[in-house]
Amino acid sequence: MEQDIQYETLAEDALLLRFGDRIELALNAQVQAATAHLHNHLPELECVPAYASLLLRFDPSIWAGADGQHPHQQLQAAVSTCLRDTDQANAVPREMVIPVCYGGEYGPDLDDVAASCGLDADAVIARHTTGDYRVAMLGFAPGFAYLLGLDPKLSVPRRTDPRQRVPAGSVAIGGSQTGIYPEILPGGWQLIGRTPLHLFDVDANNPSLLAAGDRVRFRAVDAETFRQLLDEAAAR
Amino acid sequence: MSVTILKPGMLSSLQDGGRPGHAALGVGRAGAMDGPAWQLANALVGNQQAEAAIECTLVGPSLRFEHAAVIALTGAPIAAHVDNIPIPMWTTCHVPGGSVLQLGGMAHGCRTYLAVRGGFDVTPVLGSRSSDLHARIGHEHGRALRTGDILPMGATAPLPALRGGGDVRPLHWSLDPQPWFAFETRPLALLRGSHWSQLDESSRQYLWGGHFILSKDSNRTAGRLDGHALRLQAPLELISEAALPGTLQLPPSGQPIALLAEAPVTGGYPRIGQVAAVDLPRLAQLRPGDTVCFHESTLDEALARLSARQQRLNQLLETIAQRLAQV
């Protein structure tokens with residue numbers, strides 16, 4: 001896979017690996033495979049995966065070559081060698097199931113989304129829960145996962161009047177993407193439901209429930225189950 | 001061992017070296033905006049570790065030391081009094097228990113660091129005591145300090161160079177603030193960004209020769225630069241990818257944005273430049289209304305200057321440690 005990578009020097013301590021310039025499942029899978037491989041073989045690097053690129057942060061004083069080579073050249077050579085034998089096929093993603101209570105007070109924009117898609121609310125829920133999603137990257141806020149795999153039929157524009165406070169756990173659609181707000185945040189995506197799960201907890205061993213590369217499915221739950229799960233999450 | 005905040009100042013927060021290693025979770029580094037000033041403040045109180053200090057912005061806080069403490073102030077020049085006695089910056093100072101430190105306004109610059117011996121010993125979050133004000137991570141959910149806050153100080157052995165208790169006593173020597181604080185404005189070194197070549201001709205010229213003004217909308221996340229709007233030859237539709245402190249982004253308004261310590265970890269605007277790491281502390285010391293200009297730097301120059309600065313800083317840190325160990 002390594003011959004397709006473009007290397008860009010972003011800063012004294014940062015090298016970007018570009019796999020492409022589109023939002024595409026196959027490109028993102030390459031990013032995730034490279035991230036996993038580099039994490040195992042060059043653990044001193046900080047890897048920041050995105051849709052079609054991977055940022056590496058490193059200590060330039062460690063990677064400076066004795067022969068006057070740039071640290072970036074040394075690092076690029078090491079990364080290129082390391083990725084030459086990446087086997088993409090062996091990466092089995094973690095599967096995460098996210099319970100969601102759709103519509104009503106938890107998904108105030110569900111009816112608007114349905115109208116905009118020319119579907120009824122149940123059909124939107126059915127399509128959203130049928131989807132097989134991948135976490136392409138985390139960003140915007142701690143624990144905010146950008147998911148690939150939204151049914152194109154459910155693609156709706158962002159709100160013209162963004163909310164100042166989107167409730168934590170809100171499941172939303174913005175353009176061709178879907179995601180979950182991990183905490184109270186400003187946001188312009190359309191809110192179709194809410195999950196009782198905590199997406200981000202700084203005190204947990206793994207602070208983020210979701211990680212780049214995860215496979216995600218949504219499961220519809222009723223309001224009573226939502227509250228039950230919310231109580232369980234709070235008790236933990 | 002604690003400190004009570006009597007007045008918070010304009011924007012005071014706990015900062016250390018930040019929390020690297022969590023960008024893949026959407027968590028940025030945060031940390032002191034002027035790294036060398038923060039390191040020197042810690043060194044002056046004899047802290048061996050990268051302890052948290054208070055980063056003050058434009059107007060400093062007032063605080064009471066509930067027990068005797070050893071303190072140091074570095075960064076932007078600020079009026080500082082302990083129980084109405086003026087104290088110098090860039091040195092080590094003993095303050096008695098119950099004394100009140102009043103920090104005033106800054107004559108130049110934007111950020112002053114107050115370190116205490118033992119550090120401010122709040123619980124680290126994801127390995128750091130830095131307050132990420134934007135992402136709300138850190139002590140008290142990463143908020144700025146408020147009146148009534150009580151900050152614990154770590155326990156330490158007395159400092160040999162400052163033996164004995166008693167009154168407000170600074171050491172008889174201090175550091176030359178230069179080159180660690182720049183009193184005059186000089187252009188900041190800027191590396192070409194990935195999309196620099198897609199600026200139109202006049203925008204490219206303006207970037208190297210023109211003057212921008214740091215907007216009052218600037219904060220620890222980003223510095224917004226007002227001035228001649230910069231234009232691309234053609235609009236670029238980019239997908240989000242990792243973002244970094246020091247990156248000069250160009251949003252559709254044409255007013256560049258310099259990302260700073262609390263930059264979001266991803267972004268989708270064109271990157272027209274990257275402020276050389278060695279000049280990020282100088283960018284951090286600019287205040288709203290100050291002029292910002294850039295000169296072009298190569299990666300080689302930027303790396304060489306960064307390495308030279310690091311060597312000089314390491315030597316100074318060592319010298320300070322030696323002198324503090326002398327009775």
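Is the crossing of H1(B) and H4(B) left-handed or right-handed? Read on for that, after a quick word on the model.

## Before you start

What you're looking at is a predicted model, where local features need pLDDT of at least 70, side-chain atom pairs count only at pLDDT 80 or more, and totals for chains, interfaces and linings use all residues. Residues are numbered from 1 along each chain as its sequence is written, while chains are lettered from A and ligands numbered from 1 in the order in which they are written.

## Two helices in chain B

Helix H1 (residues 35-44) of chain B and helix H4 (residues 299-325) of chain B have axes that come within 9 Å and cross at roughly 15°. (Helices are DSSP runs of H or I with at least four residues, strands are E runs of at least two, and both are numbered from the N terminus; axes are lines fitted to C-alpha atoms, for helices over the stretch in contact, and angles run from 0 to 180 degrees between N-to-C directions.) That makes H1(B) roughly parallel to H4(B), a label for angles under 35 degrees. And the crossing is right-handed, meaning that the near helix is turned clockwise from the far one by less than a right angle.

On the H1(B) side, the contact is made by B:Pro36, B:Gln39, B:Ala43 and B:Leu44; H4(B) brings B:Leu313, B:Leu317, B:Ile320 and B:Ala321. (Residues are in contact if their C-beta atoms, placed from the backbone, lie within 7 Å.) By class, that's 7 nonpolar, 1 polar and no charged residues. Here Ala, Val, Leu, Ile, Met, Phe, Trp, Tyr, Cys and Pro count as nonpolar, Asp, Glu, Lys and Arg as charged, and the others, Gly among them, as polar.

## The barrel in chain A

Over in chain A, a closed barrel of 7 strands runs S5-S12-S9-S10-S7-S6-S13, with mixed pairing; strands pair if DSSP finds at least two bridges between them. The twist averages 40° from one strand to the next.

Strands S5 (residues 95-102) and S12 (residues 190-194) of chain A run antiparallel, joined by 2 bridges. A:Tyr102 stands opposite A:Gly193 in S12(A). Helix H4 (residues 110-117) of chain A packs on the sheet, touching S5, S9 and S12 of chain A.

## Where A meets B

How many residues of chain A are in contact with chain B? It's 33, against 28 residues of chain B. Elements giving two or more residues to chain A's side include strand S1 (6-11) and helix H2 (60-63) of chain A. That side has 21 nonpolar, 7 polar and 5 charged residues.

Terms used
Angles under 35 degrees count as roughly parallel, over 145 as roughly antiparallel, 65 to 115 as roughly perpendicular and the rest as oblique. Two residues are in contact if their C-beta atoms, placed from the backbone, lie within 7 Å.
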